[in-house]
Every structure is written in structure tokens, then in C-alpha cells.
4 protein chains.
Amino acid sequence: MTGIPETMKAAVLMGPSQLEVKEVPTPRPGPMEVLLKVQSCACCGTDVALMENPFEGQPPFGEFTPGHEYSATVAALGETVDEFKVGDRVAVEAHLGCMRCRNCRNGNYTACLNYGTPKHRANGMTANGGFAQYVVNNINTVHPIADHVDFEEASLVTNLGCVLYGFETVGGYVAGEHVAIIGPGPLGLISAQVAKAFGADRVYLVGTRASRLNKGGDTGADRLINIHEEDPVEVVLRETGGIGADLVIESSGAKDAPMTAIKMTKPMGKILLLGIPHEPVLMDLEDMAMKNKSLHTVRGEGWSNVARGVSLLGTGKISLKPYVTHSFPLDEVSKAFETFVKRIDGAVKVVVKPND
Amino acid sequence: MTGIPETMKAAVLMGPSQLEVKEVPTPRPGPMEVLLKVQSCACCGTDVALMENPFEGQPPFGEFTPGHEYSATVAALGETVDEFKVGDRVAVEAHLGCMRCRNCRNGNYTACLNYGTPKHRANGMTANGGFAQYVVNNINTVHPIADHVDFEEASLVTNLGCVLYGFETVGGYVAGEHVAIIGPGPLGLISAQVAKAFGADRVYLVGTRASRLNKGGDTGADRLINIHEEDPVEVVLRETGGIGADLVIESSGAKDAPMTAIKMTKPMGKILLLGIPHEPVLMDLEDMAMKNKSLHTVRGEGWSNVARGVSLLGTGKISLKPYVTHSFPLDEVSKAFETFVKRIDGAVKVVVKPND
Amino acid sequence: MTGIPETMKAAVLMGPSQLEVKEVPTPRPGPMEVLLKVQSCACCGTDVALMENPFEGQPPFGEFTPGHEYSATVAALGETVDEFKVGDRVAVEAHLGCMRCRNCRNGNYTACLNYGTPKHRANGMTANGGFAQYVVNNINTVHPIADHVDFEEASLVTNLGCVLYGFETVGGYVAGEHVAIIGPGPLGLISAQVAKAFGADRVYLVGTRASRLNKGGDTGADRLINIHEEDPVEVVLRETGGIGADLVIESSGAKDAPMTAIKMTKPMGKILLLGIPHEPVLMDLEDMAMKNKSLHTVRGEGWSNVARGVSLLGTGKISLKPYVTHSFPLDEVSKAFETFVKRIDGAVKVVVKPND
Amino acid sequence: MTGIPETMKAAVLMGPSQLEVKEVPTPRPGPMEVLLKVQSCACCGTDVALMENPFEGQPPFGEFTPGHEYSATVAALGETVDEFKVGDRVAVEAHLGCMRCRNCRNGNYTACLNYGTPKHRANGMTANGGFAQYVVNNINTVHPIADHVDFEEASLVTNLGCVLYGFETVGGYVAGEHVAIIGPGPLGLISAQVAKAFGADRVYLVGTRASRLNKGGDTGADRLINIHEEDPVEVVLRETGGIGADLVIESSGAKDAPMTAIKMTKPMGKILLLGIPHEPVLMDLEDMAMKNKSLHTVRGEGWSNVARGVSLLGTGKISLKPYVTHSFPLDEVSKAFETFVKRIDGAVKVVVKPND
């Protein structure tokens, strides 16, 4: 591959939560694949989780580079690829799937039935990811971005794709509806912006930190509810005339949040789960059943919603810039994660730039 | 009204769980209403619940006749009604709704936003029901039945309508799919029959009583799983190649059943809740989210599925006769409920015939 | 009714296309109804059509006042109405339906099976409409508007409701998609604005008049195609990489437009018909079938989309002001229609203000 | 490949409508592929069309073997394949798609955007098909059949898959509905059987030949309408109380059938197009729009409906045996097509058995 170095720098997971930047061979793209030169790769809570406790199907310590939220330029084309050309600016989605189980065949590749086996592929989870100078992606997971969209913003588009997948899952049509969002983390903040962008009547954002809530207020939320000061269920019911919100998005992952979500949902309304509690939680199914409520989940960013996301960035309908708060070179990847996890200095999303 | 007696016999709820058969004035139909002469009215778990603890909007003790599952002949027509004629054989659905909230306006009348107020109406819940010689129904809740469908069977069609509403809620298309049902009560048994009738590949029925399971085996279930003998999650996963069921219907109302349902659901699969646990239950939302599973509920029998149900009885596609195990005259309504609740003599559904 | 005059001025249809302003009795609201004092009523192509050739179920000449797009203040409440209070500012939708056929029961009231019979009601079509000082509406067809939304704009919300009903019919989720619109009439122009507001990637607007196209360019369309200068099929295919638009909205009613729409639709794409050709037209069903395309229609503004529309006006997400080009008092209603029909002075939507 | 002969017999298309049985090299499966020993391959109208006028992307004369409806035994496995084992009895679907365009990625592989290019693959259309002793299939297009399903019946499952794809496209839930079918060809006859199997209230079958209509009457249709004797629109409207059918399936391909379909469709009803007219046809879009009707198409057998189809054959829910009227050895493939096209001796579906 002309102009591609034989080796590159990559952050390799050497043990639980232990990232080390090492010199490794530059990978080569096969058929239907492209080699990407990574421009920006964002830290995600999923990275933190899988670095601590490896996921099913994850390569062993010493052989795995995480990172599934990245933007890049196309560096080389594998066989048969004419969908891209070298130099194209692109963003990615994580899940390729296996392209051969019933779910993947029918477009539900984030629910691949071969997850955790060698047939499955998700960059940064079961294959190497973007905390490296180069990475190989199947073309189904690569999407061109507009010239004016910067790489830092573009590396967050997986988050937008996940939120959009959630919206599509619950129907995608929220015009004139009341939307309540619990948890002003990255997905919650983006959900507020998306809800407003798609014409929601009123967007309620529930959280505990004033700084995060205010960021939500700046980017789409109409009504901020700090649970240290107000009862979110009481507020949403009162301000919707006792009816509740048409759509409630729970993105905090907190143990009691699903119950709160149920209580503030309108009869016939929907709950979308973006935050994941790691232990079983109590749910009031009687309330759900007596009022015909439903609960929907998404994993990752399905149904090509990353492609929809890059379009929304290109038209300026959605901006992810407000959420990129910090940037580090690849050598400081561990510091990047520390900043992200501890929310140092108001960190929301933290990116690493492997080729700077 | 020619030929209609001024007074009639009706079972009136005089106190908690206290039904008394009394002579009361025969009601008169208003515009858009018909007077029905009740032929068969079935005992339902909901009756038992609301007789013990009155529901929101239920008339006071001494003024209320329960019963929402009945078949009848049309005895008189209210103003403007030309959709029926006197003598028509009919079955009913319980929920009229209010015809003026947003949910009712859009066809979601079982999730009426005025539930519990005088604007709302559900016969046998917030208006008088069918444990009486006559009852008045809005024509939207009345459906003609074929000549060869007997009244006892027809009085169970609300159950079928509820199950069908559940199937429509989760898409209504189960051809070639694996369907697992927890709880061989009336709704569970009917679900098994419906799943098989609509082309499910394999229907698993999970329960604890051999007699009920066997009834399910006679009417649609392919694989009976007695949880005293086998682990239902293990069986369903093994017999679906480790993948799980496309659709899991939980109709037992048992506390741990929702968790069992989650575990046996395929990635991207759906859970339909027909049984209602009366206290909050633990749910593994991490499993649901990581595998893109969703949870759907129905209340009652919406979207005119009772009309679909009477068609299925008329064509013989579905038979409810196997579930009608006992019949009593109105004077023995309390004995009917005792038989139903205690499952005396293998009771499944018990009907009362007020005009015999 | 306190403060309501016994008689009022109303435009009565005296013969084909003959409107005459007369003094008639002020109507009185019944149960579930409100009396509205009309503030603005817009001329619509449907009015023109039904004044020339009365629709099925339309009252006879001499007894009928047309007008189905209006805004008003609530002047009096019928029995049982507590959803509104006198003085509320409101907009309306035309179709009540019959509230008793299967379609209405299930929320599909614009496809009422009793259309044309006395059971059905659509203000301005089968019941008196808004070209009068007062009109009576069932509360299901009345929606409150925000204080800052002016009456002229609000009287156009039926158009927005129709467009939104169309979007909901085809899924309602156009984020990142290519949308092509044929015909820059009121519905076409609003469609362009809505498509862009909901995040369409690129909106193509096809027409023949530069002035109309430019209005579309000002309010959402990205690419204007004047068919006197360019071949719209060729442009859309070229600019979508040979694939076609995900959604094509035909709102011109022109004879050859459906064929054009088919040709510019992507495989698996959808065509939404908002313009109605009055004679059978040729369609290439082979193209549709070989490429899995579908054709969707809407009549009027269903599924409470007028409520969604008033929300979008209230939040400022959509503005209908650019389309209100002319205003007349009730006495000049005929002149208003002439201006509308002949597009005098660049007329797009023309309103009549009966109480000015 | 052990036990696989180096050469095999195959019917090669040598010129327009000219099939010749020749000895050619046996193909070899690549990764994700299996080699199939064809047991039965059915003649289809699409074969007739593409043999006369080659489709886009079809291999040149002298190099192409048609046939896309076949059943087989697995003869050899390509690399990585553990989903099948040698000897498995299977049926196939035709369209693999390209696995790399947006439509294929999202499961809409029958509307592949690369159709006609080398990236696309549909056996028997753009790659070699089943009128040969062996054929290679991607595993996504291969489905195991139950032991008791015979190969002749199984080779028709593509037709069933197409019909099921149509049903899924229009919602898949026809319980209690009226379904009218125009054209008692193979797809129309199967549609009647499927509609009845899924619980349709009444199935109307419209045709011109008594023998075909009677076959429909034997396998699901309730009401046979011979257009030489009755007006189908008049019959369907009269027998549905003036309302029309909920679902109308046009499978005749006749020029005036789409117009007939529109007229007999209920307001809010759906039309499914399975028959393809090869020239533009007149359609009454005013009727469609005024009554909210929609038109849906399918191409081939998408969304894994062939897998659903093999399940329905396995459970005995659907039988395709009544439609297999003739069988020929591979050497008589031309006679098989003649029998099929001229409907000699009441032919419905004619199969060829290459290994007999």
C-alpha cells in the first residue's frame, strides 16, 4: 500500500483497564474493506466497561485495541471497493454484525445472533478499533462526511446514530409531542437536541448536576428538572395536564430511573431505554399494563442511522460540537480516559487524535 | 319498549366481593345505544379484582352490576341506530372509552385519558355490566355473531379480543416463528391456540398444572413445559438452537415470570405482557438492552379485535368451547365465581346465563 | 347564550359556484360541541371544487356555508364540555367522521365509512363551515393555539395537518433522506418546509413558476427544478447518485406527475400523493413492482395531526405566515376566491375574516 | 470435493428462449457458500421473461443457466460454513443482493441498489440457477426443510415466500378481514390459501377459468367470481355491505386489473400488487386519494419469508402440493416450459428434476 507505513502506533489493552501505546503492524484491508487513517476517536462508557471486564468475543489482552467512535480519512481500498476513494473524509459505526445470521440478513445487525463468535464483527469490541493510527473497516460501517464537518465532531456521530436508532425504534415521529429525558449524559443531551430538532412540543430534561442540565438547556431542552430540587414525576405530570409524556427516554442507567420513567409516561406512551442498569431493577408492570405502555431498547446504532446522523451534521440540523470538551494526542490516551471518567473540568466527551 | 319488562334481575355489588341478585329497573338505550338481553356472561379475574377493591370510576356499592364478557340478543334500539335490528345475536367488548380524548380519537380507546371520570365508559367496570338480564351498550362495543356460534362460546370472545389485540400490538405476523407462552390460564391457552392458528412454527407452553398444560396441548401448544419438571428457559433456548423465542407471552402474572420471559426471548424479540403482577417485579434490563428486546402491554381488547375474534369463531378458525367448563343460572352467580376462583372441578371459564 | 347575537352573517352557497353573504340564525352547540366565533377562514381548492360540483352528503344549495380551514375564539360551550372555556383561541380540523363506523372507531376518521350519510360530519363539507361569523364544531375537531400564533396563520393549520398526516402515513422519519416534491402549491410548499424541519438531507422542489419555486426556496427547498428548464427525473437521479429520492411527494395533481414521481423514486422508496388528478392517469406499475416502490394517499388531516401542527406553529418550528398573501372581509368572500383561483397578485393562500 | 463429479448436466440459455442441456464444469462453493445438488426446480413466468429478453445483469447467451425456484441436498460446504452439513435437505430463495448497499444493509435485499451490476447476485437471474445438476448458493439464501416435505413441493417455496413477503409488506395481520384476489395463477392461488390460513373472514377469488377458480376453491377461496359471469367489483361491494375488501391482491398482471382492484378496496384498505403489467396502466388516483387507499408492491421473496414458508410447509399449515401438476427430467426442460406456458393438461406449476 503506497504511502502507508509498515507499522503504526496503537493503544493496546494489556490487562484490565490497562492501555499501553505500542508500535504494531499496520493492518491491511481485505475485500469490501477500507484502511482508515484515524483522525479522532472518542472515549465512551462502553470502552471503560470492556477494558475492565472484557466483552464476549473480545480479543485477548495484549492483542486488542479498543475505540469504536471515530472519524478518519480513507487511506487504502480493499479489493472490489469502488464506493470510496483514498482521501475521503468519513465517520464510522461500530457494528458490522456477521452478515449471515437471520437478524443480520434482515437488517438487524446490532442484534447479531453470532455475537461473541468469530463470525461477528464490531470494531473496537470484537475487532481492533480506533485508538490507533490506522484501522480497517468493512465498507458497510463507513459513511462519508461533508467537508465542513470537523473530525472531532464527526467522531461523536456513533452517539447520534444510537440516539437516532432509538427514535426510529419508537416510531421516529415526535412532532408536537412531549418528550422527557432522564440523565443528561452524552446520549441524554443528544436526545434532547434531537427531540427538539424533530419538532417535539416540549422537552423535559431530568438530572442532578446543574452544569449538565444547563448544557441541555443550551441545546434543546425546554424544562430542566434537578431532582435535588423538584420531583420529576410530579413536574412532568403537572405540566402535561396530568397525562404524562408521550415518550420518555431513560439514559441515566440509574437503578430507580426505569420506575420514574414508567410513572411519567402517558397512557399508550413509550419508554426508550438508552441507559443500562447493570443489575435487575424493580418495574411497576401493573402501571405499564393498565395504561398500555411499552418499553423499547436499542443496542448501538442500527438501521444505518449513523448515515442519517452524518447528514444531520452536514446540514447543520444537529451539532455535536458542544459535547466535545477535551482533546488529547494518542500518547495521552490514558489521561483522556481519566478526564472522561472523572468528568474532570466539566468533561462531557473526550477525544483522542492518533495522527496529530 | 315493546315486550321489555319494566324491571329485571341483576347481580348487584353490595359490598366488597358481595354480589346479590336483585330486582332493578330495566335500563333504556339512548342514541347510538342498544338494549341487550344477556344470554351468557363469563366470570373474569378482573371481576374478582374489582369486586374486592373497586376500580377508579366504578359506581358505588349498591348501584353496580359487574360483568364485561357477554353475549346477547338485541332487545331494543336507541335513537339513530340502524346498524342492528331487534333479535340480532351479538357479542360485546368492554371498553367504549370517552370518544373525546386524544387517545380515543385516534383509536386507542383502551388507553382512554378520561378513565375513571364520568366521561369514560367501560361496561362492567365503570357502567353496569352483563350479570343481569338486560344491559345497555354503545353500538361501537357490539358485534354480530354467526348463527352457528353458540352464546356460551361467544361470551368468551372478549378474551380472544384481548389476545388478538396483543398479537396486533406486537405486529400480528408470527408465521414460522417460535412463540413461548408462560401461564396456561384462559389468556395463555387462547394465546397458544391463536399462535398456532396464525402459523407459528412451534408453540411452547409453560405452567405448573398438568391438567391445564394438557388442555393447551389439545388446543395448539406443541411443547408443554411443567416447571416442576423442567427449566423453561433451558428448554426454550436448547430447542431453538440457543437463540430463544421470537415472541414470549407472559400471561401468568407471577412475580418471577417477567424475568423468565426476558431470558427466553431471542435478540430483537418481543415480550407481550398479558398477566399483571400486582407489585413491582425485578427485570434484567441489561439483558433486554444488550439484545434489543422490547416489552409490550395491552389493556383489554382494543382496535376492534373483538370484531376479528367473532370472525374467527364464525369461520371456525378458533374455538373457545374447550375453555367453557361450567355454566350457572343468574341466581347462582356467587357459586359461579367460587367455582371459577377455586378452579373447582377443573374450571377454566365459568359462565352465567341470566335469562335461562 | 349570553352575548351571542341571534343572527349572524354567513356566506351561503346558492347555486354552482355562487356564494352570497346572508343573515342567518346563529347556530347553537349541542353536547360535546362548542360555538366558535370565526376569526379567519382560508380559501382551499376543495372549496372551489365542492362549490362547483357538490360533494356527496353536502347540504343543498341555499342551506350550506362552506369553509373548512379556520381559526376562532370559543364563544359558547355545549353540554358536558369542560375541555375549553369561552375566549380560548383555537384552530380546527375539518373531519369529525361519524364516531360509529369501524374506521372512525379505530382512529381513521378521514376514511369514515359513513361519508356522505347523515351520520358523517365534516365541517365545510357535509356541515356548515367557517365562511360565517359563527360555526359549531365537535370538540374532537378543535385545538387550542398559543397566544403568539396569529389567527391568519392558524387558519392554515389544516393544510399543515394534511401534510403531517401524509408524513406520518409514510413513516414520519425522514432524517437524512432525500425528499422530492412535485408542485409548489400550498401543500407542496408546506411539505418542503416540513421535510427540511424534520431533518431531510436534501429537498428538491419541482414546478413551473419561478415565483412559487422561489417561495419554496425561501422556506425549505434546497434544489429548485423548473421543468421548463430542466428534466426533473434526470436532475433527481443525477444528484442522488443514480438512486432516486427516498420519498417523493406529488402535490401538483397534474396528469403526468404520478409517472414522474415513480421514475424519481428510489428502490424501496415511497410516493405520497397530495395532489389529486381528476381523471385516471397512466402509471408504470412494472417500475414500481421491480423496485418495490409503494404509493400512499391521505385524505384531509387525520390522526390528530392538526394538534401536532398547532404545536409546531407554537414552538416556531414551522411558519405558515409566508403563505398567507391576501386577506378580505366576509362581504368580499367572492373576491377572495377569485384572487385565490386566478392567483392574482401572486396569491398563495387567501383568507377571509368574518368578524372584522 | 469428494464424490462430486467434475462436470454436470445443465440447461444453458443459448439464445432468446433457447435452452440447451449441456455438459459443463461443476461449480465450486466459496466462503459463505454451499454446493447444492438440485432435486427439483420449478418453471416460473420470470424464467420465461428473462429467457426471451435478458434481464439487467444477466450473464450472456451460452453462459447462463436459469432457474430460481429449487430444492436440493447440500453436496459440499464452502469455507467457514458450519450452518449446514452435507446431506441436509434444503430450499432456496433467489435474491442474495449485494450485502453492501444501503438497502441490503438494512434487510431490503430484494430492492438491492446494485441490481444489474457484478456486485449483485440473484441465482437464476444474475448468477447460474437450478436447471442443472448442481448450483452454488450463498448460505443466506438456503433454508433447511423438514424431512417429510418432499422436494417437488419445496421447490415451490419461493412462490410462497413471495406471497408471504407481500402479506408482511401490508402488515401481515388479516384475521377477520375480507381479502379479494384477482388472478388464480400460482401466486394468486397461494395468496388465497395464505389469507385463509391466517384467519381471513372471507376470501374472494376472481378469474376467468373455471378449472383454476375451482382449484382456488379447493385450497382456501370462499367465493369464486368468474368475470365471464359476474362483475367482480359489484360482487365484492355487495357482499361486504358496500364497503369493499380490506386487502385486494392483484396477481393477474392484466391491464385493467389495477383499476378493478382500486374499485373493490375499502376506504383505508390496501392493494398488493403481485402481478406485473408490462405497460403503463390507467389508475383512478382520485378514488384512491378520496378513500385513503394505498398500493404496495413486492419484488421476489424478501425479509427471509422463504424461511417462514418452509416452516409453514413443515407444520402442514400450507400445502403447495396441489399446484405441482407436472414433472420432467432435465433433458425435457424445454417440454416442461412448453407445458407450463401453454398450460397443457391443466398445468399450474411444472417442475424439472435434474438428478432423476
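The following dialogue sets values from a predicted model against the definitions behind them.

Tutor: This is a predicted model, in which local features need pLDDT of at least 70 and side-chain atom pairs count only at pLDDT 80 or more, while totals for chains, interfaces and linings use all residues. Residues are numbered from 1 along each chain as its sequence is written, chains are lettered from A and ligands numbered from 1 in the order in which they are written, and side-chain values use heavy atoms, with hydrogens and water left out.

Student: Why is the pair A:K266 and A:D246 called a salt bridge?

Tutor: A salt bridge is a side-chain nitrogen of Lys or Arg within 4 Å of a carboxyl oxygen of Asp or Glu. The side chains of A:K266 and A:D246 meet at 3.0 Å, N to O, so the pair falls under that definition. Over all chains, 94 salt bridges are found.

Student: How do you know how much area chain B and chain A bury?

Tutor: Buried area is the accessible area (1.4 Å probe) that two parts lose on being put together, summed over both. For chain B and chain A that gives about 3,300 Å², 66% of it on carbon and sulfur atoms. In chain B, the residues B:M268, B:L285 and B:M290 lose the most area to chain A, together 18% of what that side buries.

Student: Which residues count as being in contact between chain B and chain A?

Tutor: Contact means heavy atoms within 4.5 Å. By that rule, 37 residues of chain B are in contact with 37 residues of chain A.

Student: How many salt bridges and polar contacts are counted between chain B and chain A?

Tutor: The salt bridge count is zero, whereas 18 residue pairs are in polar contact, both at pLDDT 80 or more. A polar contact is a pair of N or O atoms within 3.5 Å; within protein, one must be able to donate a hydrogen and the other to accept it, and residues adjacent in sequence count only if both atoms are side-chain atoms. On the side of chain B that touches chain A, α9(B) gives the most, with five residues.

Student: What is found between chain C and chain D?

Tutor: The buried area is about 3,300 Å², with carbon and sulfur atoms giving 67%. Zero salt bridges and 17 residue pairs in polar contact, both at pLDDT 80 or more, are found across this interface. α9(C) gives the most to the side of chain C that touches chain D, with five residues.

Notes:
Helices (H or I, at least four residues) and strands (E, at least two) are DSSP runs, numbered from the N terminus.
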